[in-house]
Amino acid sequence: MSMTKKKKHGDELIGVQILQGLIFRHNRRRRLHHLFPLLSAVSGCLLLLFALVLFFSPPVSDHYSRHHHHHHLNLNTSFDKRVEADMNVEKEKVFRVPMSGGSSSRLWTSNESNMYYGCSNASDNFLTAEINTQPNRYLLIATSGGLNQQRTGIVDAVVSAYILNATLVVPKLDQKSFWKDASNFSEIFDAEWFVNYLSKHVKIINSLPVKAGKIITTRAPRKCNQKCYETRILPIFQRKHVQAVQLTKFDYRLSNRLNVDLQKLRCRVNYHALRFTDPILDMGMKLVQRMRMKSKHYVALHLRFEPDMLAFSGCYYGGGEKEMKELGAIRKRWKTLHTKNPEKERRHGKCPLSPEEVGLMLRALGYGKEVHIYVASGEVYGGEETLAPLKALFPNFHTKDTIASKEELSEFSSYSSRMAALDFIVCDESNVFVANNNGNMAKILAGKRRYFGHKPTIRPNGKKLYKLFRDRDNMTWDEFASLVRTSQIGFMGEPNEVKQGRGEFHEHPLSCICQKDSESRAVGDSGYDEEGFSEDEQDLSETDYTEYDNGNRERTMLSPNRRDSGLFMRPELEEIISD
């Protein structure tokens, strides 16, 4: 009982203590609450007094104050200027492609082009066909490849016939190659004009006489010169009863290095005797007129960005695994084609530029978005997606399919050579021609445009442009454009871009280009080396041949140890990349 009372009393005592604590805290809060306004008022007065003292007190040193203030402003201004300058540099370094180009007339003409002209007339020492041709001696030629590869063969066939003192039978076109064009000579070229124009120089007939009898079929070594033909092919004619020799796969079978009269004969054939048939000429000139109606000047571009071309080149264009698989599958068609290092090929300038790169090059050279471009091309790898950057740079984008109807092209569209002939005409007539590879069409057009007044012909300097395209994001547009113009010096179709004796003749026909103030002497008259068999000594193995009777099916025997027998690759390998 007493324990219960003690516990109860303890609890009461604790309760009283808790109550006293609460009352004390409450009273303390009330006192602090009343002090806040007073403290605020005192603080405000002190601040006001401090401000008045500062206002009325003189500066410690007026000079120091001004100097310190000025220095502080200079630091701030200098910093601001540095920041602004850095921002401007960054802004200027952004690679922005302008829409406009240049206004110079030099865009459409070559420097000093009026100082040169084509000159291919025969000299007094050149024997006429009547004197030079041996009776009952006939040369037959089987060309190879696409239209322009065959054109080089036709040109060289005429010269070979002259060297061999033979009558030339109108060349047989390749109808079985990759291009699968069944056209014969007279369906592409004006055969009557061809025969008549050259009648004073080389005797040409349409078909081999039956009386010619036995035909010997062989293949001349590559780049065989005059002495090579005289020692390798001519002895075949001198055998008893041999009147006709046929040379197969006749492409690049004649040397670049011939005497001036033979080179001039080449030019007479290429630039005067070989004329397209009237239907091809009429349609081609119709396309040219339509381009002229759109603009006073136009650029023609041989894009050459087809899947087979890219596959053969071994180059890579950023399409990832899909691109590598697709082009790799095409490369398998050529079993002997070695794997290439894409970066190395591009570094050495062996890769065609992408459509975007071509557009950037042209803009850097001064061609603005208003320029009209005619594109000669087959199926472009990647289609419209690949062409989009080029079309954005040059929206006036045309092809034969966009400026002619299907009905107009119907008589040509089933024949690759005839379609190629239309592109050839539009490119040849253009104010500026751009070749995106160094195939036969590019070479022949470049040579022809030099012969007829050095019309601007642009060939990308891939080796130097590679670095510029790679690093373009690290430079301004003006820097890029300046470097492109510098890189392209010597690749614009100007006179004297190639030294005498250098370059492929069909591209640089220097023996047929004269300077007006040099007494009509050809630019490339010197430097002829008549001695030796050939430029490619490895091709001067024994010439193999086989015989067949005139009228019988042709048989060709190729020696397995001849290095030029197809170059150990399928025939269409060269044919695909050549035109």
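Analyst: In this predicted model, helix H18 gives the most to the lining of the second largest pocket, namely five residues. H18 spans 416-429, and at least two lining residues each also come from helix H11 (307-313), strand S8 (372-376), helix H15 (383-393) and helix H16 (400-403). In total, 34 residues line this pocket, and those nearest its centre are Glu 306, Ser 377, Gly 378, Lys 400 and Asp 423. The lining comprises twelve nonpolar, eleven polar and eleven charged residues. The volume of the pocket is about 790 Å³.

Among individual residues, Lys 443 belongs to helix H19, which covers residues 440-451. Lys 443 is buried but forms no salt bridge. Beyond its neighbours within four places in sequence, Lys 443 is in contact with Tyr 252, Asn 438, Glu 504, His 506 and Glu 507.

One of these contacts, Tyr 252, lies in the loop between strand S6 (244-247) and helix H9 (260-273). Tyr 252 has a relative accessible area of 18% and is therefore buried, the cut-off being under 20%. The phi of Tyr 252 is positive, near 55°, although the residue is not a glycine. Asn 165, likewise not a glycine, has a positive phi of about 55°; Asn 165 is located in the loop between helix H4 (147-163) and strand S3 (167-169).

Note on methods: Residues are numbered from 1 along each chain as its sequence is written. This is a predicted model: local features need pLDDT of at least 70, side-chain atom pairs count only at pLDDT 80 or more; totals for chains, interfaces and linings use all residues. Side-chain values use heavy atoms; hydrogens and water are left out. On a 1 Å grid over the protein atoms alone, a cavity is a set of points where a 1.4 Å probe fits but cannot get out, and a pocket is an open set with protein on both sides within 12 Å along at least five of seven lines; lining residues have an atom within 4 Å of a point. Grid points are joined across faces, edges and corners, and a volume is the space filled by probe spheres set on the points. Helices (H or I, at least four residues) and strands (E, at least two) are DSSP runs, numbered from the N terminus. Ala, Val, Leu, Ile, Met, Phe, Trp, Tyr, Cys and Pro count as nonpolar, Asp, Glu, Lys and Arg as charged, and the others, Gly among them, as polar. Buried means under 20% relative accessible area, exposed over 50%, partly exposed in between (1.4 Å probe, protein chains only). Lys and Arg count as positive and Asp and Glu as negative; His and the chain ends are not counted. A salt bridge is a side-chain nitrogen of Lys or Arg within 4 Å of a carboxyl oxygen of Asp or Glu. Contact means heavy atoms within 4.5 Å.
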